[in-house]
Amino acid sequence: IRCTIGEWIARYLCMKAVSGFLVGLLLWWLLGSINIQYALSVLCMVLGAEYALFTFLPVQSILNPLKYCNLFSYIRCAKLYTDYLNINLLGYPVGNRFLCLVLLPILLVGFLAGVLFQQEKRRPEGNRSILPSIALRWNRILDFFRRRLSVGGWEFYKTLVFQRVLIILLVVVFLTGSLSYSRFKFSSPDGGWQLWYERIMDDMQGPLDYDVPAYFAGAREYGKDSEEMLYALDKAEEHVADLQARAAKGGYQAWIVDDITPYDGTYGELTRDLQRLNASFGVVFILLSCAGLCAYEHQSGVVNMVRSLKRGRRGIFARKLFCVLGITAAVWVCIYLREFMTFVKIFSPPDIASPIGNFDELMYFPIPSLSIGTVMSLLYAVRFAELFFFGMLVMFVSDHMPTVEASYLANFVLFGLPALLYALGVDVLGFVTPVNAISSAESFWNLGATGKMSALISPVLWAALGIAACVLNHRRWVGTRQHGKGSAHVRQTGET
């Protein structure tokens with residue numbers, strides 16, 4: 001495009017505005033054409049199919065027009081102006097931007113006509129249309145299986161289907177695949193003794209279970225003519241002597257480890273912003289999945305009826321906790337198990353059995369004889385527990401909301417918005433968000449660097465809040481008084 005920078009920005013902003021109008025017309029058309037429950041399902045399928053084609057279809061595929069003439073090409077329209085691409089359309093090379101610009105007015109007219117026709121022909125909610133009639137037949141098939149579900153099975157079905165947690169978890173799987181977990185910091189010494197020092201450390205890496213003085217004597221004989229190498233050997237000897245003294249004091253085996261690139265680059269200060277961002281995603285995903293667990297019954301007006309059933313109090317509450325546990329496991333696998341697999345795949349750490357006291361930045365860990373592998377296992381266990389405690393906190397808020405929408409809004413204001421702002425750099429919100437507790441890497445790293453237990457305040461505090469929320473929620477749901485054998489006491493509300 002032959003234009004000035006100002007003209008280019010104007011073109012781009014116009015394209016963004018028109019593309020937003022196009023997407024808005026599509027949403028209006030789909031959401032306003034049929035029952036909202038079916039419309040959301042259809043919308044999720046349409047957007048999911050478009051996103052899958054846009055993301056996963058190979059560039060060389062014969063179907064690549066579906067990849068680039070795609071709704072997400074208009075959502076992410078910057079690529080139309082920054083990426084040069086020709087599409088093989090019926091044997092002719094056609095520019096991707098040109099094709100999308102030609103299709104844009106056609107789609108606008110088509111979607112606008114659909115919206116106007118739908119509004120003009122809109123029927124009352126009770127009248128039958130094609131999709132509800134198909135859904136009626138489909139529900140008859142599903143009812144054959146749903147009638148055989150237990151109370152726990154219905155709780156999981158309600159959570160996964162009615163509250164659309166299954167769709168949320170699929171979104172989690174897709175979105176977490178693009179998260180970053182490591183940040184590399186390779187030292188680049190300007191020659192001299194630093195280069196020799198790094199070579200010596202790489203050569204000695206591993207347990208110091210050999211004759212260290214003999215190693216240094218041989219190295220000095222080899223480099224006797226190099227003043228820089230001899231100076232590097234002096235520095236290496238000082239470091240090794242310090243390691244051996246710490247190991248003797250702590251009662252563990254001394255190791256030479258590479259603690260900068262693998263560990264600090266994945267769990268330490270180098271990746272503090274990445275850890276916060278990933279934990280904030282965990283907060284949002286748990287929030288979206290658990291916010292309707294108790295609010296759904298309040299919205300449907302069946303709380304008193306459900307609590308009056310045999311085992312309707314403790315049984316259903318226990319199954320709700322199992323739902324939280326399952327959601328927690330899914331989010332933990334998508335974010336943190338994927339982080340661990342990425343760490344192992346990239347670094348293949350040979351020193352996983354090294355006592356943590358050998359790490360210079362973690363030398364003050366309260367139990368320095370623990371291996372780094374054990375500490376990492378504790379870290380991932382704490383992350384799982386903190387996600388679960390946060391899920392119980394969300395469920396507690398949910399039980400005080402009259403509708404599912406109110407529960408989403410309240411939980412987002414209380415937890416979601418502070419978490420996202422904190423991940424974006426508003427550090428003052430670190431005291432009111434569970435991000436640090438869920439990440440826990442920052443707390444573990446501070447504990448190892450200072451040896452002060454105060455570094456664990458955030459995980460302990462949010463764990464206590466989650467447990468307290470679970471206890472209070474249990475009292476509110478189950479109650480404390482019962483009368484009669486096998487029947488729960490139900491408060492009289494004046495209603496039949």
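**Aromatic pairs and the nonpolar core**

The structure holds 20 aromatic pairs. One of them joins Tyr267 and Phe343, whose ring centres lie 5.4 Å apart. Their planes meet at 65 degrees, so the pair is edge-to-face; the cut-off for that class is over 60 degrees. This pair links distant parts of the chain. Tyr267 belongs to helix H13 (residues 260–267) and Phe343 to helix H17 (residues 314–347), 76 residues apart. Both residues are buried. They also belong to one aromatic cluster, together with Tyr263, Phe340, Phe347, Phe359 and Tyr380. All of this is read from a predicted model.

The charged end of Arg383 sits over the Tyr380 ring, 5.1 Å from its centre. Elsewhere, Arg199 lies over the face of Trp196, at 5.4 Å from the ring centre.

Now the core. The largest nonpolar core has 72 residues. Within it, Tyr267, Tyr336 and Phe415 touch the most other members. Helix H18 (residues 372–398) gives the most to this core, with 14 residues. A second, separate core has 18 residues, including Met15, Leu26, Cys77 and Leu80.

Leaving aside residues up to four places away in sequence, Tyr336 touches Asn278, Ala279, Val331, Tyr380, Arg383, Leu387, Ile438 and Ser439.

Finally, the whole chain. The protein has 22 helices and four strands. Of its 496 residues, 41% are buried. Among contacts with a separation of 6 or more, 72% involve residues 24 or more positions apart. The accessible surface comes to about 27400 Å², and 65% of that belongs to carbon and sulfur atoms.

Conventions. Residues are numbered from 1 along each chain as its sequence is written. This is a predicted model: local features need pLDDT of at least 70, side-chain atom pairs count only at pLDDT 80 or more; totals for chains, interfaces and linings use all residues. Side-chain values use heavy atoms; hydrogens and water are left out. A nonpolar core is a set of buried Ala, Val, Leu, Ile, Met, Phe, Trp, Tyr and Cys residues joined through side-chain atoms within 4.5 Å. Buried means under 20% relative accessible area, exposed over 50%, partly exposed in between (1.4 Å probe, protein chains only). Helices (H or I, at least four residues) and strands (E, at least two) are DSSP runs, numbered from the N terminus. Contact means heavy atoms within 4.5 Å. Accessible areas come from the Shrake-Rupley method with a 1.4 Å probe; for residues, only the protein chains shown count as cover. Rings of Phe, Tyr and Trp (its six-membered ring) pair if their centres lie within 6.5 Å; planes under 30 degrees apart count as stacked, over 60 as edge-to-face and the rest as tilted. A charge sits over a ring if NZ of Lys or CZ of Arg is within 6 Å of the ring centre and within 35 degrees of the ring normal.
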